[in-house]
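Keep the structure open as you read.

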Amino acid sequence: MSGLKFAGLSPHPPLLVPEIGGRRLKEIQDTQLAMQSFAKQVAQVEPDLVITISPHGPVFSDAISILNISQLKGDFAQFGFPDLELSYDLAEDVIEDIVRFAKEEEITVARIDKASTNKFNVSSKLDHGVLVPLYYLREAGVKEVPLLPLTMGMLPYTELYKFGKILQLLSEQWDYRIALIASGDLSHRLTADAPAGFSPQGKEFDQKIVEILKEDKVAEIFDLEQSLIEKAGECGLRPIVMMLGALDGLAVDNKFLAYEGPFGVGYAVASYRITGRDESRELLDQLLAGQNLQLRQQRATESVLVKLARKTVEEYALNKEIIEAPESLTPEMEKEAGVFVSIKKNGQLRGCIGTTEATEENVAQEIIRNALNAAFKDPRFPKVDANELAELTYSVDVLGEAEKVEDIEELDPQKYGVIIKKGSKRGLLLPRLDGVDSVEKQLEIAKRKAGLAPQEEDIEIMRFEVKRYQ
């Protein structure tokens with residue numbers, strides 16, 4: 001019988017490969033043994049298609065990508081072993097179905113072919129996030145099977161979960177027995193010598209993920225605070241969410257096989273053998289309903305400044321018209337000030353543009369200008385599309401007058417934004433940002449935005465207060 005038969009989470013440290021790890025493999029022996037068990041479970045379901053989800057292929061802010069190259073190859077050259085190579089045939093016959101179905105659900109899938117690798121300056125090879133688990137599958141006898149290598153996108157978690165559900169539904173139409181492998185490590189900040197430095201939130205994040213996987217508490221993954229996720233410095237959460245989406249509504253025999261973090265990075269191994277259907281595990285409709293309710297509640301309590309920002313974007317997206325400022329202005333709108341407009345989609349930043357000082361005759365005009373720029377001219381994101389207007393939320397920050405800082409003790413990232421100046425270079429950072437919990441972090445990011453090195457000295461620092469409207 002065809003369809004999804006197995007799903008699992010695999011870590012991907014290259015040291016797990018014996019030729020690379022050598023003697024150090026003993027330091028992650030629990031993970032190695034778990035991966036051997038994991039691979040045997042995959043072999044037992046006799047898959048004739050393997051789908052991988054990696055965080056290390058071509059990652060886009062607005063799309064999930066598929067490496068669309070007929071003969072897929074990858075090696076461990078960057079880890080000193082160029083002759084250690086794996087190759088697979090691409091499962092080309094299923095790609096069109098995925099792209100079409102995802103598009104109907106307003107999820108973009110980018111096919112990365114040879115031309116695209118040059119255009120986007122990305123590799124055409126399988127990355128180590130794919131190669132490490134596939135190495136263990138080959139050792140267990142899963143060799144001559146076609147491969148579908150996906151790379152996560154920086155999409156909202158509900159969209160990634162929905163995409164996983166799409167894979168499940170399509171798998172029931174294909175003539176394949178499918179094993180799906182989510183490749184990802186947990187926190188990279190568990191110890192002082194960890195690759196991304198130490199954060200006490202690293203351990204907390206890993207504990208929560210391990211509990212979610214052990215106890216099959218899928219809904220709780222959507223309750224994780226964004227600040228915790230950012231401070232953990234992980235790479236596996238999005239692949240995990242996509243995998244769990246593929247298991248939505250299915251009965252599973254789940255086994256949590258191992259967790260350890262000897263190199264400052266958390267490695268978790270978990271397996272799910274599909275045994276049938278289970279309505280109690282259907283979560284997607286609840287997630288979408290909860291998301292819609294939250295949006296309605298937020299719209300009902302919007303400030304007049306935020307209503308103006310939203311109206312500006314919607315009118316331009318739908319009719320290509322720039323609205324006029326209201327004839328009757330509230331006291332907040334009458335004054336002159338710098339303004340930042342931020343747009344989010346399902347909790348993820350979708351655009352943010354602002355002015356540090358007044359450029360218009362009043363705040364209302366400033367909001368209109370910066371709302372248009374945030375929605376349609378932020379170079380980090382594609383232009384806002386009319387189809388996504390219902391999912392967008394807005395905030396407006398009105399900046400107070402900046403004052404020079406003589407001592408960094410006068411700074412507080414929760415109260416004050418900062419402006420860094422040196423010569424013609426200038427960088428600004430707003431207060432109360434997720435993941436910015438220290439003065440040092442705030443200054444480092446502001447320097448980077450100014451094009452300055454973190455160790456740069458002889459800089460001018462100014463602080464300002466912000467009133468945030470939501």
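Which residue lies over the face of Y416?

1. R463 lies over the face of Y416, at 4.1 Å from the ring centre. A charge sits over a ring if NZ of Lys or CZ of Arg is within 6 Å of the ring centre and within 35 degrees of the ring normal.

2. A word on the basis. This is a predicted model, where local features need pLDDT of at least 70, side-chain atom pairs count only at pLDDT 80 or more, and totals for chains, interfaces and linings use all residues. Residues are numbered from 1 along each chain as its sequence is written, and side-chain values use heavy atoms, with hydrogens and water left out.

3. Now the aromatic pairs. Rings of Phe, Tyr and Trp (its six-membered ring) pair if their centres lie within 6.5 Å; planes under 30 degrees apart are stacked, over 60 edge-to-face, and the rest tilted. The count comes to six aromatic pairs. One of them joins F76 and F79: the ring centres are 6.4 Å apart and the planes are at 50°, so this pair is tilted.

4. Next, burial. Buried means under 20% relative accessible area, exposed over 50%, and partly exposed in between (1.4 Å probe, protein chains only). F76 has 0% relative accessibility, so F76 counts as buried. F79 is partly exposed, at 28%.

5. Y135 and Y136 form an edge-to-face pair, 5.8 Å centre to centre with 70° between the planes. Both Y135 and Y136 are buried.

6. Last, the cysteines. A disulfide is a pair of cysteine sulfur atoms within 2.5 Å. The structure holds zero disulfides. C235 is buried at 10% relative accessibility, and C352 is buried at 17%.
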